[in-house]
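Subject: Structure for your attention

Dear colleague,

Please find below the structure that I am handing over to you. My notes on it follow directly after.

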Amino acid sequence: MFAMKHNRVSNHKDTADGLSPKADGSATRRAWPPSFQIASHPMVAWATVILLILGGCSSYKPPDFKLNLEGRDPATVKPVQREAIEEVLTVLFGTPDDPHVPSGVDLDLALLKKAAGPIGRDFTGNERGLYRKHCAVCHGISGDGAGPIAEMLNPYPRDFRNGVFKYTSVAGGAKPLRSDLLRTLNRGLPGTGMPSFSPLSQEDLAALVEYVRYLSIRGETELFLLRAVVDENEPLPLRKQFVLDEGVRPVDAMWRLAEEEPEKYVVVPQRPRLSPEELAAAIERGKTLYQETRAQCTKCHGPEGRGDGSESELYDDWNKLKKGITEEQTHQLARWFSLPLQPLRPRNFEDGLFHGGGQPEDIYLRIYLGIPGTPMPAAGPAPGTPGVFQSQEIWDLTSYVLSLSHRGTETGRKVADRTGNKLSSESGMARE
Amino acid sequence: MDSASGSESGRQVFRKHTRPWSRRQWLQATGAPLVAATSLPLMAPWHYVAASEHYGGSVRGRFIFRGTPPERKKLTVDKDVDCCGKFDIRDESLMVDAGGGVANVYIYVRSRDVPVCVSVAESSARQVVLDNRDCIFKPHCLAIWRLRQELYIVNSDPIAQNVAFAPLGDLPANIVLAPAPGDNTEATWRFRRGQSQPFDIRCNYHPWEKAYLLVRDNPYFAISRDDGRFELAGLPVGRWELQLWHERVGHLQLPEWSQGRRTLTITGEDIDLGDIPLLPRDVGIGQ
């Protein structure tokens, strides 16, 4: 019980400790005063100083992956269950400093090693520890989206462990392609805390993409283990083959789906080139589609697209679990989550600030595929689903949404001033 | 194509079987799916059947509520009031009929790798239907044998509906269905992974709408009907662990059903468990 409590309280500190040698140094300094108290005799003090000189100041303690206890009362996880889960995960996936790839899983170990571990350079001068350098401060060492500064951000950084990613190019809720994750890294997510990492080399970016996939596959395996061991009382010790067959391989298969069957899952926007008259007509048609009841756009985004629809209580899947029916329940639930409840705001199109990107292709994909993990549903066709809108209609809607952007609001004006493109939307869709 | 992959999935399943098999059994195990798959061309490539000699018996019973069931609360209907306001939409988390029967209790075989009898495989429907009707999901509780069945989702209401779910380790869905009558009011969904317990299905437009779905790798599951009765039909011979689950409490803990589990031996005769009493505290009332 003590261990659990400690874990909760020190979530952020744990993560910070692993971030840089400096953080480790400060941890060492905290241990100093007791030795000075004992050191009343000058000899002891000298001995301490000599020992420190010989041993060095840094005592690097490699960080661990934190067990995913989101939404669980830690007291309900028996120590033996916790150990069993942690052990099998370490055997299969290694540690934050030394990642492993379970056999047959589509992950590139060489790239992972580049992203993992403490920040530094190897003997050939190649940079290591890229994830800790660039990502962990928000996304956490474990990829839990609860790094030291996560609480200050809105929306929160992504918790990779659920295997759900918002901005993809794949239908049917399939996992993102490597190129989708790469796009997010390259461009960042405008209007969120996620910056662009485009100055990094292609190889570094590929390493980070691979590491995100690694944390996600590991995270989903962990969720499977928690379900099996804690909720379903799977007999211990766990058999490695069982975890591989029922935990790891199915997750790996989901990640391969869109990469292996792109014709079935991947949506490639083909932007129409429109004359100004055609664009005006498309915007008109889009407006009609937006306001009709087929896809219920106005419910969340409001009649004029200002994000003020009648659905006011919206949460993403990561926050939905924190919401009880009564206020008191919500308060009770808050104990079992790292970050407080955060409501979701439907986009105000007038701001012209789209998290998934403001190009017509981006808006098209958001309408077509929906935004996984949020209430925004997929309006386009997917395997098994005819969809409420077809491609042409989605382009019309895209034109309408973009025609609203950069108008009216303070943010919209700022964005327009900064980009120097007051009607980027229309020029974006129009034939030049 | 059907026959090749059909026999392959059959073989995979039997390789996992614990006891050594006679040569005849092996032949049947690999031969039966081949024959079944070629004789029924409509079958999907992931079809899965086994030798019929395993047929044992059925397990039946009835869940009875002991005590006064709480009144079903009226749910807040504040969206699409023009359409949904006229229905009496009430909480469905505990359904007790006039005779005391408790509906919507899941009972399913928890054991892994249960061989499936041909008769059971052939008699199960290809689709499980989830209807959006009168501004609620119908039925409230569903179960699906994912290797043979797919989920057919349809909207019967004159308003757009949304169906969203995120099964553990499977792909999430967030589907819009256009208002009925009209085009694009239906969808089908296939599951890629079995689940050890049901998950919830929600509608993001109408927060009161809720349903539950259990996805299994075998067809041995039942949901108690309005009168509380259930039947697990055509269980194979063997010792199987059953699991009870109810949406109010998850695993339904009862006397003789520790953690909602009980092991039964199927020898070839039907088993009648009789009336299984549920006290209010068993379903989380008065705690």
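Does A:Trp46 count as buried or exposed? At 56% relative accessibility, A:Trp46 counts as exposed; here buried means under 20% relative accessible area, exposed over 50%, and partly exposed in between, with a 1.4 Å probe and protein chains only.

Before going further, please note that this is a predicted model, in which local features need pLDDT of at least 70 and side-chain atom pairs count only at pLDDT 80 or more, while totals for chains, interfaces and linings use all residues. Residues are numbered from 1 along each chain as its sequence is written, chains are lettered from A and ligands numbered from 1 in the order in which they are written, and side-chain values use heavy atoms, with hydrogens and water left out.

Chain A

A:Trp46 lies in helix H5 (residues 42-55) of chain A; helices (H or I, at least four residues) and strands (E, at least two) are DSSP runs, numbered from the N terminus. Together with A:Val49 and A:Ile50, A:Trp46 forms a nonpolar patch on the surface, with about 310 Å² of accessible area in total. Such areas come from the Shrake-Rupley method with a 1.4 Å probe, and for residues only the protein chains shown count as cover.

A:Glu210, in helix H11 (residues 202-231) of chain A, is buried, with a relative accessible area of 2%. Leaving aside residues up to four places away in sequence, A:Glu210 touches A:Asp106, A:Leu107, A:Asp108, A:Leu111, A:Leu112 and A:Arg178 (contact means heavy atoms within 4.5 Å).

Helix H18 (residues 360-369) of chain A is mostly covered, with 9 of its 10 residues buried. Among them are A:Asp362, A:Arg366 and A:Tyr368. Just after H18(A), A:Gly370 has a positive phi of about 70 degrees.

Chain B

An open sheet of 4 strands runs in the order E4-E3-E6-E9 (chain B), with mixed pairing; two strands pair if DSSP finds at least two bridges between them. Strand E4 (136-138) and strand E9 (186-189) of chain B each have a single partner strand, so one side of each is left without a neighbour in the sheet. Strand E3 (residues 127-133) of chain B pairs with E4(B) in the antiparallel sense over 3 bridges, and B:Asn132 stands opposite B:Phe137 in E4(B).

Yours sincerely

Key: Patch = residues over 30% accessible without salt bridge, like charges linked within 9 Å, V, L, I, M, F, W, Y side chains within 5 Å. Salt bridge = Lys/Arg side-chain N within 4 Å of Asp/Glu carboxyl O.
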